[in-house]
Amino acid sequence: MTALVDILVGLTLIIGALFAVLAAVGVLRLPDVYSRMHAASKAGTVGSSLLLIALALDAGQLDVTTRAIAGVLFFLLTAPISAHLLAKAAFSAGYPTCASSRQDWVRELQGKSSKRKT
């Protein structure tokens, strides 16, 4: 049974680390603030959650497991909300989208011009 747990811990550590690296690469390589924020919030949350799940599986102690699960829940509840609020603030401040964005749905819904500042 411990060999199976060790394999699961190893897999979740590797997959979580890959998601964390993907989030870092996304923050460095994506073209605008909205795409970067999306990469950081989604892939970063999944990577951190998988790493905490690996900790919970490996520890085998109830207090460590409950703290790790509480950390996962905290990440899942706060990261999407904070990313949404940061994107809304960036949009309100006038940060433009990247040039490959074809349509600005929010400005069209607000009845403003869809012309982009460059």
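This briefing describes the fold, the confidence and selected residues of one protein chain.

The structure is a predicted model, in which local features need pLDDT of at least 70 and side-chain atom pairs count only at pLDDT 80 or more, while totals for chains, interfaces and linings use all residues. Residues are numbered from 1 along each chain as its sequence is written, and side-chain values use heavy atoms, with hydrogens and water left out. The protein chain contains four helices and zero strands, where helices (H or I, at least four residues) and strands (E, at least two) are DSSP runs numbered from the N terminus.

**Overall fold and confidence**

- In sequence order, the pattern of the protein chain is α-α-α-α.
- The mean pLDDT (the predictor's confidence in each residue, from 0 to 100) of the protein chain is 87, and 86% of its residues reach 70 or more.
- Confidence is highest in helix H1, at a mean of 94, and lowest in helix H4 (residues 105–110), at a mean of 67.

**Burial, surface and contacts**

- Of the 118 residues in the protein chain, 25% are buried; buried means under 20% relative accessible area, exposed means over 50%, and partly exposed lies in between (1.4 Å probe, protein chains only).
- The protein chain exposes about 8300 Å², and carbon and sulfur atoms supply 70% of this area; accessible areas come from the Shrake-Rupley method with a 1.4 Å probe, and for residues only the protein chains shown count as cover.
- Among contacts (heavy atoms within 4.5 Å) between residues at least 6 apart in sequence, 55% join residues at least 24 apart.

- Leu4, Leu8, Ile53 and Leu57 make a nonpolar surface patch of about 320 Å².
- Patches are made of residues with over 30% relative accessible area and no salt bridge; like charges are joined within 9 Å, and nonpolar side chains (Val, Leu, Ile, Met, Phe, Trp, Tyr) within 5 Å.
- A salt bridge is a side-chain nitrogen of Lys or Arg within 4 Å of a carboxyl oxygen of Asp or Glu.
- Helix H1 (2–29) and helix H2 (33–59) each contribute at least two residues to the nonpolar patch.
- Leu8 belongs to helix H1 and counts as partly exposed because its relative accessibility is 40%.
- Leu57 belongs to helix H2 and counts as partly exposed, at 36% relative accessibility.
- The C-alpha atoms of Leu8 and Leu57 are 7.9 Å apart in space, although the two residues are 49 residues apart in sequence.

- Thr12 lies in helix H1 and is buried, because its relative accessible area is 15%.
- A polar atom of the Thr12 side chain lies 3.0 Å from the backbone oxygen of Val9.
- Apart from neighbours within four places in sequence, Thr12 is in contact with Leu50 and Ala54.
- Ser41 is found in helix H2 and is buried, with a relative accessible area of 10%.
- When residues up to four places away in sequence are not counted, Ser41 touches Ala79 and Ala83.

- Ser82 is located in helix H3 (residues 62–93) and counts as partly exposed, at 37% relative accessibility.
- Ser82 and Met37 are separated by 45 residues in sequence and by 9.8 Å in space, C-alpha to C-alpha.

Terms used
A polar contact is a pair of N or O atoms within 3.5 Å; within protein, one must be able to donate a hydrogen and the other to accept it, and residues adjacent in sequence count only if both atoms are side-chain atoms.
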